[in-house]
Amino acid sequence: MKALYPGSFDPFTNGHLDLVKRSCDLFGNVLIAVLKNPSKLPTFNLERRIEHISEATKELKHVQIISFEGLTVDCAKDNSVDLIIRGLRAMSDFEYELQIAHTNRSLNSDYETVFLATETHYSFLSSSVVKEVARFGGDTTQMVPRIVSEDLKKTFER
Ligand code: ADP
């Protein structure tokens, strides 16, 4: 099977990576789709985010990375995936994620969204928390892949 994992990944964290690894075990193949959102200015541009993810997943044979714009269900169809995966960290994620899952099903009922609960020790991790830590000079090496922590340091020490 092939699972689509869509997200902004600005930046990609160890929580995201954990979800990718577990999804490979469950579904076989994972297509990570990095969202190009023209209405939001990211910290890392699309090319950089893709570089981070490529480096962080280089040992995983069944992972592919693409960028996408527009509807997730269209991306799912264009890439012939079987399902969509999303992560749930806490109840606070649930309402938003459920809303998106319902919207996606109403747009195209061919695709189920499968939610994976995060690993407990990554449940506090989010891209925005990681950026806050980096902005104030904190150590992010346990939170994100090495390439990302190096890039965060460079970006925020200026
Ligand atoms: P969004 O797609 O809303 O911009 P992200 O790119 O941060 O958000 O996250 C993409 C997906 O990864 C979402 O389903 C989110 O719940 C999940 N996720 C975010 N942080 C973690 C984490 N620490 N562990 C597991 N999954 C996570």
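Helices (H or I, at least four residues) and strands (E, at least two) are DSSP runs, numbered from the N terminus. With that in hand, strand E1 (2–7), helix H1 (14–27) and strand E4 (83–88) each supply at least two residues of the shell around the ligand.

A word on the ground rules: residues are numbered from 1 along each chain as its sequence is written, and side-chain values use heavy atoms, with hydrogens and water left out. The model is predicted, so local features need pLDDT of at least 70 and side-chain atom pairs count only at pLDDT 80 or more, while totals for chains, interfaces and linings use all residues.

**The ligand site**

Where is the ligand? The ligand sits in the largest pocket. Here a pocket is an open set of points on a 1 Å grid over the protein atoms alone, where a 1.4 Å probe fits, with protein on both sides within 12 Å along at least five of seven lines. A molecule sits in a pocket if more than half of its atoms lie within 2 Å of its grid points.

There are 16 residues around the ligand, and Tyr5, Ser8, Phe9, Gly87 and Thr118 come nearest. A residue is near a molecule if one of its heavy atoms lies within 4 Å of it. By class, the shell has 6 nonpolar, 7 polar and 3 charged residues; Asp, Glu, Lys and Arg count as charged, Ala, Val, Leu, Ile, Met, Phe, Trp, Tyr, Cys and Pro as nonpolar, and the others, Gly among them, as polar.

| Residue | Protein atom | Ligand atom | Distance |
|---|---|---|---|
| Tyrosine 5 | side-chain N or O | oxygen | 2.6 Å |
| Tyrosine 122 | backbone N or O | nitrogen | 3.0 Å |
| Leucine 125 | polar backbone atom | nitrogen | 3.0 Å |

The protein covers 89% of the 550 Å² of accessible area that the ligand has on its own. Accessible areas come from the Shrake-Rupley method with a 1.4 Å probe.

**Backbone features to look at**

Most residues other than glycine have a negative phi, and most peptide bonds are trans. Which peptide bond is cis? The bond from aspartate 10 to proline 11 is cis, with omega near 5°, and proline 11 is found in the loop between E1 and H1.

Phenylalanine 9 lies in that loop between E1 and H1 and has a positive phi of about 50° although it is not a glycine. Is phenylalanine 9 buried or exposed? Its relative accessibility is 4%, so phenylalanine 9 counts as buried (buried means under 20% relative accessible area, exposed over 50%, partly exposed in between).

Serine 80, in the loop between helix H3 (72–78) and E4, also has a positive phi, near 50°. Serine 80 counts as exposed because its relative accessibility is 56%.

**Stops farther along**

Proline 38 is found in the loop between strand E2 (29–35) and helix H2 (46–56), and is exposed because its relative accessible area is 72%. Threonine 141 lies in the loop between helix H5 (127–135) and helix H6 (146–156); its side chain joins that of aspartate 139 in a polar contact of 2.8 Å. Within protein, one atom of such a pair must be able to donate a hydrogen and the other to accept it, and residues adjacent in sequence count only if both atoms are side-chain atoms.

Terms used
Polar contact = N/O pair within 3.5 Å; in protein donor to acceptor, adjacent residues only side chain to side chain. 1 Å grid on protein atoms, 1.4 Å probe; cavity = no way out; pocket = protein on both sides within 12 Å on 5 of 7 lines; lining within 4 Å. Buried < 20%, exposed > 50% of the residue type's maximum accessible area, 1.4 Å probe, protein only.
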